[in-house]
Structures are given as C-alpha cells and as structure tokens.
Amino acid sequence: MKPYKFEPYLKTTIWGGYQIAPFKGIFNAQPNVGESWEISGVPGHESVAVNRGLIDDVDEGLTLVELIDKYKGLLVGQKIYKKFGNKFPLLVKFIDSRQDLSVQVHPDDKLAMERHGCAGKTEMWYVIKSDVGSKIYAGLSKSITPDDYEQLAYTEPVNGHSPMQDVLATHEAHEGDLYFLPAGRLHAIGAGNFLAEIQQTSDITYRVYDFGRKDAHGNPRELHVEQARDAIDYQVWPEYRTSYDSTKPTSQLINCPYFVVHRVVVQVAQQIDFHCDSFIIVMCLWGEANINGIHIRQGETILVPACENILYIFGNATFLTATM
C-alpha cells in the first residue's frame, strides 16, 4: 500500500489571506483562503484521494472514510480502527492569518460529548513563517475566576480594546515556534502568521472575543461566552511555548494522548521507524522528496498506511509527521 494524497479543502474565512495557494504551488482564484484542510474526516468535508502517479490507481476518488472502510486496520492501525471505526481521528491544516483570529476555547472530550455528542479538541500549532511583530495568544497571563471571565468578556471594548486582551498571554511569533493547546486553553492566532495545525477531529469552537469584527453583512459574529465558561482552564502556566531540540534531524515535538508529532529534516536520505501501529501523516513544510515511492513537495500532505509505516525518504526537505 503506497501513501495516499488527497484533494485539499480550501476554506475562505473572514480573516484569511493569500499565501496558501502559492505555498502549495497551486492556482486558486478563491479569495481570503484562511485554511487548507489537508486530511479530514469531518462529516461533509471528508478528504478525497487523488492520483498518486500510479497506473490505474483503484483508490482514486474514494473518500478517506471509504478508504478506512475498505482497508480498516491496514490503513489506520488495528487499535485505532477498533477504537474509532471508520472515523478518522485527526484533522491537519495549513492556516494563513491575514487578520487576528477570534479568541476562542475548545471543550475537552467529556464536555464535548455531554453537549455535542462528539470528541473535544486538543491541538498544536507549528509556525512556518511569521511577519515581524506578529503575535500568538495562548493561555492566561494572570489568574481570573469564572465570574471574572464573564465580566471581562461582557465588558464593551474601548477604542477597539477589550479587557479580555489584558488577561491573555501574548507571545512574539517566530518561525519554528511550537504551541501545544490542550482543550480548555484560551488562544488566538495573531495576524501575520502562517502555520501548520494538527488537532483532534472536532469542529467545536467557543468564540469569546472577536476584536469587534463584523461579518460580510455588517453584523458582529456570534460569541459563545456562557458556553466557554465551563470549558476554560483557568490555571496560569509558567510557559506556553513548547521547547524542542531543533538541531536533531528527527525531534519529537508533542506526545499526548491524541497525537504524537515529530519534526523531520532530511538532506539526502533517511529511514524512520516510529515503532507504532498507526498511520503516519506527513506534512511537507519545505523542499521535496520521495517517501515510500510517492513524490511529495512543499505544501503537500500524504497519509502513509499503518501496514507500511516505515518511512524511506530520499530528498531534501523538512516535514511534520503525526501518528497516534
């Protein structure tokens, strides 16, 4: 089983920019593309397999859900298939923020299941590039109570500034920065960031503050202040940026119950065995290479089946890999 390529779902957003198509090396006339969903099992937006350069590719045109149904544990891993069935557990994206995204929070599995009948959302960001002075907002900078939060969230902004911004931890963004965002952590991507996001398959978001932005009809976008109250982690942590060893050719970035992510830098050739019964998602951040017989270049993402998950890489490129 060769790795799979999928048609990206390009999503227009009110805060989106123009960098995703050039980064991926594709033509796109769509305005304000904020996200490229690279591999998705989200209902209604399931990724569709494209030709991988194989003659008579029998899987071309199948959705990710159909591929899992066809190959089961051979594709995703036996334990993963037993737990999730035909549902793909991760969603990976490239994100281009021309404007600040809303300040938001995601519920954990327990709360999301109680309210929405689905998984919660833990995620991570890897900054691919950022404009000078761009910001990442992650976590709280000072201790507040749930009552404090509601008062801050409902206070009208003055000159475009909300008191919610005064309690958010604000970070200067730089290429290669890594942020782990467990469910419950308030966060927002600042304007001028281009990043990769790896997350649980969930689209549940509680918007807390939107910088006074209006939608296409001139109306304020919906906020979810009360829903977010019980979802927020009010603990103040000493550090929100995650450190890793960038000098190694293979560095583990995140190891959590939902995903394990590595950064891989290959200059000529490399063989990698993550010793797991899991699919491997490979996101190419720079360069180009051949992985298990499939060509991949900057901006492309492939899904390596669990039954063939030792990576044989030839080329000159930088990747993020995600397994479970």
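I began with the lining of the largest cavity: Gly139, Leu140, Gly184, Arg185, Leu186, Asp233, Gln235, Trp237 and Tyr240. The model is a predicted one, and I kept that in mind for the entries below.

**Cavity.** I sorted the lining residues of the largest cavity by type and got 4 nonpolar, 3 polar and 2 charged. I then looked up the space in this largest cavity, which is about 40 Å³. The count of cavities of 30 Å³ or more came to 1.

**Nonpolar cores.** I turned to the largest nonpolar core, which has 38 residues; Phe88, Ile281 and Leu303 touch the most other members. I checked which element gives the most to this core and found helix α2 (residues 64–71), with 4 residues. Another core, of 36 residues, lies apart from it and includes Ala138, Ile144, Ala228 and Ile232.

I listed the contacts of Phe88, leaving out residues up to four places away in sequence: Ile39, Gly41, Leu64, Ile68, Val76, Thr201, Phe279, Ile281 and Leu303.

**Tyr209.** I located Tyr209 in strand β13 (residues 206–209). Is Tyr209 buried or exposed? Its relative accessibility is 6%, so I noted Tyr209 as buried, the cut-off for buried being under 20%.

Leaving aside neighbours within four places in sequence, I found Tyr209 in contact with Ser102, Val103, Pro157, Gly160, His161, Ser162, Gln165 and Leu223. For Val103 I also looked up the C-alpha separation from Tyr209: 5.1 Å, with the two residues 106 residues apart along the chain. With Gln165 the link is between side chains, a polar contact at 3.3 Å.

Note on methods
Residues numbered from 1 in each chain as written. Predicted model: local features only at pLDDT ≥ 70, side-chain atom pairs only at ≥ 80, totals over all residues. Heavy atoms only, no water. Core = buried A, V, L, I, M, F, W, Y, C linked by side-chain atoms within 4.5 Å. Buried < 20%, exposed > 50% of the residue type's maximum accessible area, 1.4 Å probe, protein only. Helix = DSSP H or I, 4+ residues; strand = E, 2+ residues; numbered from the N terminus. Contact = heavy atoms within 4.5 Å. 1 Å grid on protein atoms, 1.4 Å probe; cavity = no way out; pocket = protein on both sides within 12 Å on 5 of 7 lines; lining within 4 Å. Points joined across faces, edges and corners; volume = space filled by probe spheres on them. Nonpolar A, V, L, I, M, F, W, Y, C, P; charged D, E, K, R; others polar. Polar contact = N/O pair within 3.5 Å; in protein donor to acceptor, adjacent residues only side chain to side chain.
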